Every structure is written in structure tokens, then in C-alpha cells.
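Morning, everyone. Please have a look at the structure on the screen, and I will walk you through a few places in it.

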Amino acid sequence: MTDMAPVFSRFFRLVRGLVIALIVPASASALAQDKLRVLTWPGYADPDLVKVFEQRTGSRVEVTFIDSDEVMWQKLSKNKAEDFDVFAVNTAELQRYIQAGLVVPVNTGAIPNIATQLPRFKDLRAIPGLVHDKKVFAIPYTYAEMGLIYDRKQFKEPPTSIRALWDPRYRGKVLLYNGGTHNFSLAAQVLGDTTPFRIDSKEWPAAVEQLISLRRNAQGFYSQPEESVEMFKAGGTALMFANYGSQQVQLLKAAGLEIGYAMPKEGALAWLDCWAITRSNRNAKLAHAWIDYLLEPQPSNALVTRQGLANTTTESQTLRHQDRLQWLEPVEDVERRSMLWERILSGDRAKKVLAP
Amino acid sequence: MKLGIAVKLGLLLATVGVLASGVTGFYAYQASRSLLVASAKAELLTTTKVLTRRITLSREEVSRNLQLLAGHPAAASAALGRSLADEDQMGTLMEQVMLANPSYFQVRLISASDNGLERVRVDRAEDRMVRVRGDDLQEKGHFSYVSSTLKLAAGATFLSRLVINHERGAHAGLDQPSVILATPIQDPQGKTVGVVVINLDLNGVFASLRADLPKDYQLFLANRNGDYVVHPDPSQAFGFDKGRRVFVQDEFEATAALMEGRATSVVTEVQTGRYANAPVVAAFVGRVIKISSDEDRLIVGLAQPLALVLEQADRLGGVILQLVIGLGVASVLLAAIVARAVTRPINSMSTAVQRFANGHQVAKLAIDRQDEIGVLARSFDTMQNEIRQQLAALHENRLELEHLARHDALTGLPNRRAFQERLDHAVARAQRSKQRFALLFIDVDNFKTINDRWGHDGGDAVLKIVALRLNATTRKADAVARMGGDEFVVLLDNPAHREDITAIAEKLLESVRSPILHNGQELQVGFSIGISQFPDDGRTAAELMARADHAMYDAKAAGRNGFRFSSIKGTPSSPTPL
């Protein structure tokens, strides 16, 4: 009999397939509704976590991973999001999905675990871009902040403001990230702009001046986390803008450097990935259950322990509750920021940078 | 198919010969191939080291140009921005340096003050020199080629990382693979007031280096992390600048030893990845940069298609193959000859045996040979002689037996059986040829008396003498036989007349008339002879015998020692009285 078992089961599957295909087509959609199609980043839906959800709900989860914002946009916009039910996206990127009508509002009542989230994530209105017309479009899931890494030997007290990057005392000892978007946001924050992602035309000359003076204070500009560690070690660096946040903290500590990590009072730039539900979701209940499940302790802890990321239910070790985070938003003009930044980086003075 | 010993032996010898030459050839090829590869590798490594040395020399030449510029009396005041005339003087000098060195993208004089503002700058643009002035001059203090060089002692050279130059406004050098060398400028008081910087065109430098190499050589250069900066496939160089790093240690695993400082040079063969179809031999040299630099090590490599290295080995392999084929053919021929030489005597011997068996005369054997074949031939010869002798003896015995079967042991005359055959023969012949013959039936008279008186010895002696006398009296063509006891017969072949028969009968009677000596005694015997004739008295042997027998009894009845013709007509011849 044991020999017959696989044949039997194959036969059974065949018959079942035929039955489904020919006799009860109506039930096909019922089965399909038990399937959840997830589009997300590696580390956000590990197989063991998915399995728990499948067992609990009796559904099947189909996870598709992407590794860039662009690929995610292509996959979702191509077929009007018909291929997916739920996806993870950062607050800045979320806006174009809302504008394209590819996402539907989330029913927060169907996600009881929101109650377990930290206050800064519970107050969805305080996070730009999540709420439109009183409707919530995404639930925060994980984030990373860009704080200031400082050399404990050169700082008696941790820096409290991003102004420290401009401090002439650290001239030639400040490491910065080679990227126009964030650097202009930093410049806007220093200028006291409450909307650092939207620099209006009057503010440009001042922002450029700020970045030129930042450049004059710089030891250098890095692109990759490993590069930043090498430069930090070689150059007697005092202060660094940590574009990669806790990842750099870990690398520097591993390299044996005595460093500290501080959040500026202006608010550390931070990206926040949230879960959103597509307009074409086939089982809204299941999609909400998925988001609710991921806010539970086990998946939330997995983010910290496995990915080195922060979750939204427990306070991060690098963050105090009073620390401000400046959630990233789409900037007014990516191309302009990067063109101006290239000129600044090349050493041009203000007049040349601002030339047409 | 049954293979003869010659074929088997030939095949065995040929196989051994071909195998021996093949294996020798193969190992000779292997050995020479590895020798050639080893020498090619050594040569490649030497070339790579020479190349590395040349790179250092090129760098040193740039350093000399930097010294020349930094040491110029106008350099310090130009760096301080105090004299336009000095700046122009430096500019002219820098243009000349640029003209003399086509691989220089830029030569600059940068101030230590004013955030590293460029004071004098000459760029290469397409095919001319551009003196960059005014607002187009940039602040470079945040680049390590300025900040690090400012910290150097006079005369020292700084080497930047090997990068794609993204500094805007760099004319021909923009977005090109570059390396920057710089040296500090000191004022007469020894204070560092600026730096002189030369941007080198990496592609230009390596194009001129490559020009001196054999055409099929591929040139590689990687930085301390193994990122390619020069690669035969330009898309593989400066991967880190495109967000997709390409490492030399991924393509040439052996270079990991250079990266970790475990070796200063490695030679490797690679036949995977992009070299799967065209395997290469590659030599890499790890060069620690001695001068102040953001790079601390460069990896210089040269690769050569393995096929080219092996071309020589393949030529040699061709020669070896020809030799092997030649030797193989020779060994096949030799095997055939040897097989023939060995099997020919065996074959001739087997022919001899066959002929001997068939009763033919024995063929000549190679008994003179001194080898095993000779021994075999001699043994066979001896055996053959023995068999022949035994056969001869056997033949003799047979003849004797045959004689015994057909002759009377006592008298040596043909016996009844033999005579019967002779008689049948005579009848058949006579019938065919219409000839005549006569049959004489002879009985010794009073033989019983002789026997009784003189014993069987006496009887036997008489019979012997009688037989001799009968033989002596008859012609050769006639047949005499003993029919048993004291009875003899004589067949007279083709007698001409009855008188002839009579004469013979009388002669026979006459022949026994003389006494017979036995143990000193004279014995006297007589004959009674009955005669029948073919065809007068019968046409069959039995008839003739019966008639002759009958006639003999008639003769006995008539008083013995006489003869009588069988006569149907009843006219008996008169008996000869004693």
C-alpha cells in the first residue's frame, strides 16, 4: 500500500484539479481568496514567520521580494496592482501609490495590535503622508534613522544638533554622505525649515551656502558604509552624518572605535516602511490579519534580532522616546538637488553652483 | 572466429608495441607540456613584475614633474595668490608639462588657504589646453589629495585612490578613470602653502603600457579591495562607481592571497566564468604602495590565453604523435615478421606431420636448428623414425601372417586355400582367353607306410623333398600347391598339347624316382597322378578338381606310380610302370 500512496495522492490531486476546474468553478475564487499575495523586502517576511500565519489562518501566503523602490513601482503599477494584495513601502514612496490610486485605506479597527505600537507610531497623523482625507493608507512597520556618530574622545557631551556638522572646531574632521537629497534636507533643517523636503525658490541660495560651508568643514564624503568606516579610521574623524544609521554604528564598533550615536534635536532624518493594501486585494480581512500579525512580538523582534532594524512596538536601543524623527518625504526636485550637489562637491563656489 | 597462433602472437606483439610507444609518447607529451606551461608562467610572472616596475617608474616620473613644479620659485607666491605674474608663469610651465605628457588630464596649483582654492589650473580639453580661470576655479580642500598632501613633508608624493573623476568642470578628465598625484609647495620659510596636483589618465597610462606588451596579453589592475580599475572588458572596471562591484578575487581566486598579504605574487590558471571558453594563464603581483596614499596596495595582473601557451606543446605533441604512429606501424610490422618466423617452422612441421599421417614421404625437418624449434624437430624426427620402423615390422609381420595363411608351413608351397584362388583365377582367365590348362592331382604313394616306419619326421622330410622336386620340375608359370596330407596339385598353364602334359607328368614321376635321404636311410616314394584339362574335363574349378581327383584314384587303382588322364571318352593313357 505504501508504494501506492504517491500514485494515489497524485491521482487525487488530479481529480481534485479536474473537479475544481470543471464542476465547481465558483469555489475557485473562494480558494483564491485564502491566498495572500505579498510584495516586500527581504527580511520582512521570513518563511518561518509566514508559516505561522498560514497555519493560524488556514491561508496560503505567496511572498515576492524586491530590492529597490523602482522594481516595486514597476511590479505594482504594471498591472494596476492586480498581482498583489499587500506590500511594504516607505512613507515617501507611498505618496505616488496613493496618487495613482493603487492603494486603498486601511481599516485600523481591523488591526488591534496597533494598540501595542509606540506612541510615535500610534499617532498616524503625526507621520506625514500616511493619512489623506482622514483615511489611513499604511501602517508603520519598521524604520531606520540617520543620526550623528561622534568620536567619544573629541566630544565631552554628545552633539545635540546637526549644527555640530558645521562647527569650525571640527573642520576637516566631519564625514558626510555623498548624496544631494539628504544633504539639502540637512541644510534646510539647519536653516530652521520645518519642511526640509520642500525647499522653496527663495531658500535655495541659503541652502547652497549652507552646503558649501558644510563642504569646507568636511573631511570627505562617503557612499558606502564600509567606506565611511575606512575614512573614519584614517582621518581622525570627530563627527559623521550616519546615512546608514545603526549599521554604521555596528561596523565602527566592530572596528574597535570608541564612538557614540546621537539624535539631533532638529529631528533625525528617518525612513519608515509601512504596510499598505492594494486596490485589487482579494481578501481584505486576510490582508488586515497579515498586518496585525506582523505587529505581534515574534515578527517584531525578528526585525531587530535578524535584520538589525527597529520595530514599532519596542523602543530602539539607540533612540530615546524624546528623540525626534523626521520621517522622509518625497523631495520637491530630486534632479535639482543632485545637480546642485555635484557642483558643490566639485568645489564650485556659490555663484557657480547657482548658475543655470 | 578462431585465431591462429600467428595472429594471436602478432596481435599481442603489435599491441605491446603500440601501447609502449603510445604510453611513452603520452608521458613525454605530458612532461613537456607541463614544462612549457611552467616556463610560460615564469615568463608571464617576470613580465608582470617588469610591468609593475614600469608602473612605479611612471609614477616616479610624475613625481619628478611634481617636484619640478613645486620647486619652482614662482610656485609658493602663486599658491598664496599674491602675484598674477607668478600664476601665469606657473600656468605656462604647467601647459608645457601637459604638452610633454599626453596622459595628464590636469595640472593644478592649489592653495592651502581659501578652502583649498585652485590658483592655477590647466585642463586638457579634446586636443587643446584650457587655462581655467576666475569663478571656474574650485575649492578642493575637502578632497584628500589636498588635505593629505598638505600634511606631507617637502618632496613627498601623495597618490589618490583610483577613481572615476566626477569633479564637475574637469574637461577631458570628467567621468574618466583617473589617479591623482600631488606634492606640497613650501614657501622659503618651509611652511606648506599649497599643493601641486597632476590628474593622470589611467586609460592613457595603461594604453601606453599595454602597447609594449604582446598583443594577446590581457592587462588587469585592481585596488586594495580587489575592485577592478583596469580590465580587458571595460564594463568590468570601476564596478564600485556603478554600484556593482567586480572583484579580481572573484575571477582569479588565487589573488585572495595577495589581498591578505600572504603572497606578493601568484600565478594561476583560470577556466571558469568568462574564461570558460578560452582558459587563461595569469600572473598577479601585489604592489604595496610605499608613498602616502589612500590606496595601500595595487594588484597588477597579466593574462595570456592558455591556448597560446599550449600551442608549442601542441606542436611538440604533433611530432610525438607522428613518432608514436611510426613506432606503432613498425611494431606491427615487426610483430608480423616475428609471428611468421616463429610459426613457419611450426607450420612446416605440422605439414610434415600431416603428410606423414597421410603416408607420404616425410618432409625435411629443421633438425639442424639449435633452438627450441630444432629440439622439437629432432624429437619429431626420432618419433617419426620409430614409427616408421615399427610400421615396417608390422608390415613384415602382416606379410608373414598372410604367407602363413596361404602357404603350407611344412613345405612352403601354397596351401589349398591359396591354390583354390589360383585355380579360380585360372578358370576365369582361361574362359576369357579361350586358353587351356591342366590340373595334375598328385598323391604320394604308400605315404602311410613311410609314416609308420620312419615316424612323422620321416614323413615330413619326404613331403619337403617332394615339394622341392615338384617345384624344380615345373615351369615358373605353373603352380604347385600342397592340398594337405600327401596330396599335391600342379596347375600347368596353357600346355600346347596333351603330349606336353604327358611329358611333364613323366618328368614329375621321374623326379621322385631318385631316393630321398633321411637320417642316413634312403627312402623310396612314388606318385599317383590324376590329370584333368580345361575345358575338356570341366569348366569349373570344382569339376576340374573332382575329375583330376578321380583320375588320380584311377591311376592308384591301376597300380600306382603312374598317371592317368581323366577321360570322358574313357581312353586312359597307359600307366608308366615302375
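Which residue in β9(B) does A222(B) stand opposite? The residue is Y228(B). Keep in mind that this is a predicted model.

β8 covers residues 218-222 of chain B. Is it mostly covered or mostly open? Mostly covered: four of its five residues are buried.

Now its partners. One is β9(B), residues 228-230. Two bridges join β8(B) to β9(B), and the two run antiparallel. Together they form a hairpin, with five residues between the strands. Look at G226(B) in the turn: its phi is positive, about 95°.

Another partner is β13, residues 297-305 of chain B. Here the pairing with β8(B) is also antiparallel, over five bridges. A222(B) turns up again: in β13(B), it stands opposite I299(B).

Next stop, still in chain B. Find S103(B), in the loop between α3 (84-100) and β1 (104-111). Is this serine buried or exposed? Its relative accessibility is 19%, so S103(B) counts as buried; the cut-off is under 20%. What does S103(B) contact, leaving aside neighbours within four places in sequence? The list is N199(B), L200(B), D201(B), G204(B) and V205(B).

Over to chain A, and two helices. α7 spans residues 180-190, and α8 spans residues 204-217. Their axes are 9 Å apart and the packing angle is about 105°. An angle from 65 to 115 degrees counts as roughly perpendicular, so that is how α7(A) and α8(A) lie to each other.

Which residues meet there? From α7(A), we have N183(A), F184(A), A187(A) and V190(A). From α8(A), we have W204(A), A207(A), V208(A), Q210(A) and L211(A). By type, the contact has seven nonpolar residues, two polar and no charged.

Last, confidence. The model scores ipTM 0.77 and pTM 0.66. Chain B averages a pLDDT of 87, and 97% of its residues score at least 70. Where does chain B fall below 50? Over residues 569-578. That stretch still has 14 contacts in the model, beyond near neighbours in sequence.

That is my tour. Over to you.

Notes: Residues numbered from 1 in each chain as written. Chains lettered and ligands numbered in written order. Predicted model: local features only at pLDDT ≥ 70, side-chain atom pairs only at ≥ 80, totals over all residues. Heavy atoms only, no water. Axes fitted to C-alpha atoms, helices over the stretch in contact; angles between N-to-C directions. Parallel < 35°, antiparallel > 145°, perpendicular 65-115°, else oblique. Contact = heavy atoms within 4.5 Å. Nonpolar A, V, L, I, M, F, W, Y, C, P; charged D, E, K, R; others polar. pLDDT = per-residue confidence, 0-100. Buried < 20%, exposed > 50% of the residue type's maximum accessible area, 1.4 Å probe, protein only. Pairing = 2+ DSSP bridges.
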